[in-house]
Amino acid sequence: MRKVKIKVNELSVFFNFLQALNRVSIEIYGNKVTAIIGPSGCGKTSFLRTINRMNELIIGFRKKGEVLIDNINIYNNNIDVVNLRRLVGMVFQSSNLFPKSIYENLAFAPKIHGIKDQKIIDELIEETCTKAAIWEEIKDRLEVNALTLSAGQQQRLCIARALTIQPDILLMDEPASMLDPISTAKIEELIFDLKKKYTIIVVTHNMQQAARISDFTAFFYLGQLVEYDKTTKLFTNPSNKQTEDYLTGRFG
Amino acid sequence: MERVNDLNKSPYAKSKSKKTLLKERIIKYFFTINSLVVIIIFTLIFVFLLQEGLKALDVIAIKDFVYKTVFENGEEGKLYQWYPTSEQPRFSLIPLILGSLLISIPATLISTVFGISVGIYLSEIASIKTREFLKPIIEIFAGIPTVVLGFFMLVVVASIFQDIFNPVNRLNAFLASIGLSFIIIPIISSLTEDAFNAVPKEIRMASYALGASKFQTVFRVLIPTAMSGLSASIILGFGRAIGETMIVLMASGNAAELSFELFRSARTMTATIAAELGEVSQDSAHYFALFFIGLVLFVITFILNMVAELILNRMRNKINY
């Protein structure tokens, strides 16, 4: 059974006079992994950030069209953006930990969302860190400044931190771009695991990764959605010439 | 491909032309000499100040800079007074240091509250248009000639204060504090804004993406991250308050009294030098005493600036590991 979780209608995004997305319409299914691929600057990240309204923090942002999650237009005036971002978690392209201890990074979200019970927070931290395959490496040094970790560990910690808000939808912007093959495998396993509970959208440059982890794949080019289909179909038998050219490495 | 046997014919063997060498040398010396001149002049000023200031210790015992022992009716008493021109000159710096602190501490506290709020408003809350409009207006305050501010305090604000607070003296420490705040608020607010802007954009994004509201982001992420910058801004503001002369000279009333009251006249170290150095006879004890005050001031501001610089460095290291 496929359930439409996110429905995007004729979405165009502008940053000042630069158009980043051009009339994108797409239906993203719940409890599936959707991969977004395409060359640099094609609007992948801009698309991702319209779903938790992070684009609004960028000066000069304008949009046309609508984004519906569970049939609710998240750009309605009465929508609480803070609440939206609690439900739609995000992992960024590069690690963006706070210059605080590992523990404070992980306890940040539970605390601001009003969880006071120390035990619940600690359990939540252990659970999310185990999921993000980082727990064994950090459990004995939670008080250390998070920025002293290696790049790969920082990225996994960011994923763990994003999970601490217990989101409904998880947006991941090239989550494995800084990781070694072993950590990448762990993250991919994690993504596979998470889709039982969450709806996941992953932006990736790595096409093998998209093929491995996703159920659906969307190919973006020059701000437009060129093709969107089941991953198996899109990778083996793309119906669009541009998709085929990109997948076979003829451009991009 | 034929091997180039003569090394000089190889394109890699080309050396710099004489003209280039000369040009590079001129540029290098131009900047080096200019920097050296500045450094030498500053060093000479410091040496002069040190020399003249320390000469004071030949004429006046260091104890006399703290108090003067007097005998009255067979009883020994200590006088903490600054009366350098009396027949029995008294050179206690205590009332002056006290005056300086009595004025600059309240000024720093007031400026911290307002300066940091303004800084946070400018960097986090105001829209770009408001910021572009407000920033120059606030910064202009730091550029107003202090004599104009002093005059304004002396004439306008003093009368208003007289009606509101009914102070002991019309010109008093509190009035001078308020005057100082006008120039310290812009210092603290622009340094606060810098400290907030130095927080990487990604960290802000992380906080918002975790569902933090604007105020949670400000109080739980930005302020802790920018804490060192904020402390440094307060220290630098305090340094400016201690060193400022014109406003305190005009608005504080200049009575060198041993008083802890905000609404009484007070006299600072800076105002003392400014008021008395023009009338003192050169090489007298009084003359050297004034230089000694200068030295004390210099040491205080030097230490404050050093501490601020150290704190700022620590912040830079904390953010970019």
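Two strands pair if DSSP finds at least two bridges between them. By that criterion E4(A) and E5(A) pair, in the antiparallel sense, over two bridges. The model is predicted.

**Four-stranded sheet of chain A**

- The sheet that contains E4(A) and E5(A) is open, has four strands in the order E2-E1-E4-E5 (chain A), and has antiparallel pairing.
- Its edge strands are E2 (18-29) and E5 of chain A, each of which pairs on one side only.
- A:Asn71 lies in the loop between strand E4 (61-69) and strand E5 (72-73) of chain A.
- A:Asn71 is not a glycine, yet has a positive phi of about 70°.
- Most residues other than glycine have a negative phi.
- A:Asn71 has 8 other C-beta atoms within 10 Å and is therefore exposed, the limit for that class being 12 or fewer.

**Six-stranded sheet of chain A**

- A second open sheet has six strands in the order E6-E7-E8-E3-E9-E10 (chain A), and its pairing is mixed.
- The edges are taken by strand E6 (88-91) and strand E10 (224-230) of chain A; each has a single partner strand, so one side of each has no neighbour in the sheet.
- From one strand to the next, the twist averages 15°.
- Helix H6 (residues 151-163) of chain A packs on this sheet and touches E6 and E7 of chain A.
- The direction of H6 of chain A makes about 175° with that of E6(A).
- The loop between H6 and E7 of chain A holds A:Gln166.
- A:Gln166 is not a glycine, but its phi is positive, at about 50°.
- A:Gln166 counts as partly exposed because it has 16 C-beta neighbours inside 10 Å.

- Five of the five residues of strand E8 (residues 199-203) of chain A are buried, so the strand is largely enclosed by the rest of the structure.
- The burial applies to both faces of E8(A): A:Thr199, A:Ile201 and A:Val203 lie on one side, and A:Ile200 and A:Val202 on the other.
- Strand E7 (residues 169-173) of chain A runs parallel to E8(A) and is joined to it by five bridges.
- In E8(A), the residue opposite A:Asp173 is A:Val203.
- Between E7(A) and E8(A) the chain passes through helix H7 (residues 181-194) of chain A, in a right-handed β-α-β crossover.
- Strand E3 (residues 33-37) of chain A is also parallel to E8(A), with four bridges joining the two.
- A:Ile200 in E8(A) stands opposite A:Val33.

**Helices H3 and H4 of chain A**

- The axes of helix H3 (residues 102-112) and helix H4 (residues 118-131) of chain A come within 10 Å and cross at roughly 125°.
- H3(A) and H4(A) are therefore oblique to each other.
- The crossing of H3(A) past H4(A) is right-handed.
- The contact residues are A:Leu106, A:Ala107 and A:Pro110 in H3(A), which meet A:Ile121, A:Leu124 and A:Ile125 in H4(A).

**Helices of chain B**

- The axes of helix H5 (residues 173-197) and helix H7 (residues 214-243) of chain B come within 8 Å and cross at roughly 155°.
- That angle makes H5(B) roughly antiparallel to H7(B), since angles over 145 degrees fall in that class.
- H5(B) passes H7(B) in a right-handed crossing.
- Residues of H5(B) in the contact include B:Leu180, B:Ile183, B:Ile184, B:Ile187 and B:Leu191.
- B:Leu310 belongs to helix H10 (residues 285-319) of chain B.
- With 13 other C-beta atoms within 10 Å, B:Leu310 is partly exposed.
- B:Leu310 and B:Ser228 are 82 residues apart along the chain, and their C-alpha atoms are separated by 9.4 Å.

Definitions and conventions. Residues numbered from 1 in each chain as written. Chains lettered and ligands numbered in written order. Predicted model: local features only at pLDDT ≥ 70, side-chain atom pairs only at ≥ 80, totals over all residues. Buried ≥ 20, exposed ≤ 12 C-beta atoms within 10 Å, placed from the backbone. Right-handed = clockwise from strand over helix to strand, strands pointing away. Axes fitted to C-alpha atoms, helices over the stretch in contact; angles between N-to-C directions. Parallel < 35°, antiparallel > 145°, perpendicular 65-115°, else oblique. Left-handed = near helix turned anticlockwise from the far one by under 90°. Contact = placed C-beta atoms within 7 Å.
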